[in-house]
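Open the model in your viewer and keep the selection tool at hand. The stops below go one selection at a time.

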Amino acid sequence: MNDIITKFKKYLTTPYPYYYGNTKRVLFLLLLISVLSFGFSYLFEPFEVNAAEHKISSIVILLVHAVIPLPIAFCYFKLLDSTLKEDTRWTLGKELFHLSIILFLIGIAGFLIRDFIYTNPDNWSLTYFWEEIRNTFLVGFLLIVIVLPLNLERLIHKHTHSVQQLPEKQTKAARNKLISITDAASQEIFELHSSEFLFAKVESNYTEIFTFSATVVHKTLLRITLKELEEQLTPMAPQVFKTHRSYLVHLGAIETIAGNAQGYQLSLKNCHTLIPVSRSTIARFNAMYSKL
């Protein structure tokens with residue numbers, strides 16, 4: 001039993017794609033879910049209904065229940081996105097947790113609109129409050145427990161297979177150059193050798209630059225955007241690549257590449273930090289990495 005619980009906990013910590021940073025993608029996903037929810041309720045009629053209590057037709061009621069989740073989920077995801085600091089730490093467990101909160105909110109909304117749909121005098125009773133919450137979770141979780149695991153396995157297989165297609169790296173030794181990086185705020189100049197650069201990471205309004213020299217990894221904090229750093233680095237160090245909106249990495253420092261549901265994870269020489277390669281960047285990463 002303990003072994004099963006341990007495996008389940010580990011499964012919940014599996015990296016999972018964070019889909020909610022793009023407004024168009026969020027709207028598309030919500031519309032798709034609404035259509036699936038309407039279709040499921042219409043075809044299978046999973047709940048007993050008393051048509052005599054309906055103020056409006058059954059089809060309209062199904063449409064109302066399919067449409068109401070849209071603004072609730074959209075506002076929730078926008079709030080979530082504005083407070084999320086690192087989407088690479090998104091997991092299957094976090095996805096389930098936040099979707100469960102949304103289902104709970106949708107259930108509450110379904111309870112609050114009962115007076116507009118049904119003539120039942122007990123619309124505001126705890127019995128119907130529980131019923132709306134329960135019915136929402138029954139429909140929502142049926143979709144979640146099918147879609148999420150299937151999507152997780154699909155992405156893991158896809159990205160793992162993609163990694164296997166990469167050629168064995170035979171990195172050409174690049175010329176070691178001294179690069180001067182200008183701090184945008186203080187105008188101070190930070191110098192590094194191109195061969196020492198490992199990766200850079202966005203941290204709030206700053207960018208952390210990690211270098212390796214004298215058997216030690218050094219971290220330097222500069223008030224500069226990742227884009228500005230990339231513009232200053234790439235002319236002198238062409239092997240620098242933006243793998244994610246928050247990460248810049250030296251391709252020559254890569255030791256191993258692994259695939260997961262979010263994309264790739266890079267292990268660097270002399271560094272324990274795993275660097276993400278986002279799904280949208282994989283094709284360009286593969287092309288550039290293959291040229292090394």
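Select helix H7, residues 126-164. It lies across strands S8 and S9 and runs at about 150° to S8. Angles here go from 0 to 180 degrees between N-to-C directions, with axes fitted as lines to C-alpha atoms, for helices over the stretch in contact. Helices (H or I, at least four residues) and strands (E, at least two) are DSSP runs, numbered from the N terminus.

Contact means heavy atoms within 4.5 Å.

A word on the source. This is a predicted model, in which local features need pLDDT of at least 70 and side-chain atom pairs count only at pLDDT 80 or more, while totals for chains, interfaces and linings use all residues. Residues are numbered from 1 along each chain as its sequence is written, and side-chain values use heavy atoms, with hydrogens and water left out.

Next, show the sheet itself. Three strands make an open, antiparallel sheet in the order S8-S9-S10. Strand S8 (254-260) and S10 are the edge strands, each pairing on one side only. On average, neighbouring strands of this sheet are turned by 25° against each other, direction ignored. Two strands pair if DSSP finds at least two bridges between them. S8 and S9 have six bridges, in the antiparallel sense. Zoom in on asparagine 260: opposite it stands glycine 263 in S9.

Move on to asparagine 270, in the loop between strand S9 (263-268) and strand S10 (274-278). Check its backbone: phi is near 65°, a positive value in a residue other than glycine.

Alanine 214 counts as exposed because its relative accessibility is 67%. Exposed means over 50% relative accessible area, buried under 20%, and partly exposed in between (1.4 Å probe, protein chains only).

Last stop: tyrosine 76, in helix H4 (residues 69-83). Is tyrosine 76 buried or exposed? It counts as buried, because its relative accessibility is 16%. Beyond its neighbours within four places in sequence, tyrosine 76 is in contact with His98, Ile101, Ile102 and Leu105. Show the side chains of tyrosine 76 and histidine 98: they make a polar contact at 2.7 Å.

Note on methods:
A polar contact is a pair of N or O atoms within 3.5 Å; within protein, one must be able to donate a hydrogen and the other to accept it, and residues adjacent in sequence count only if both atoms are side-chain atoms.
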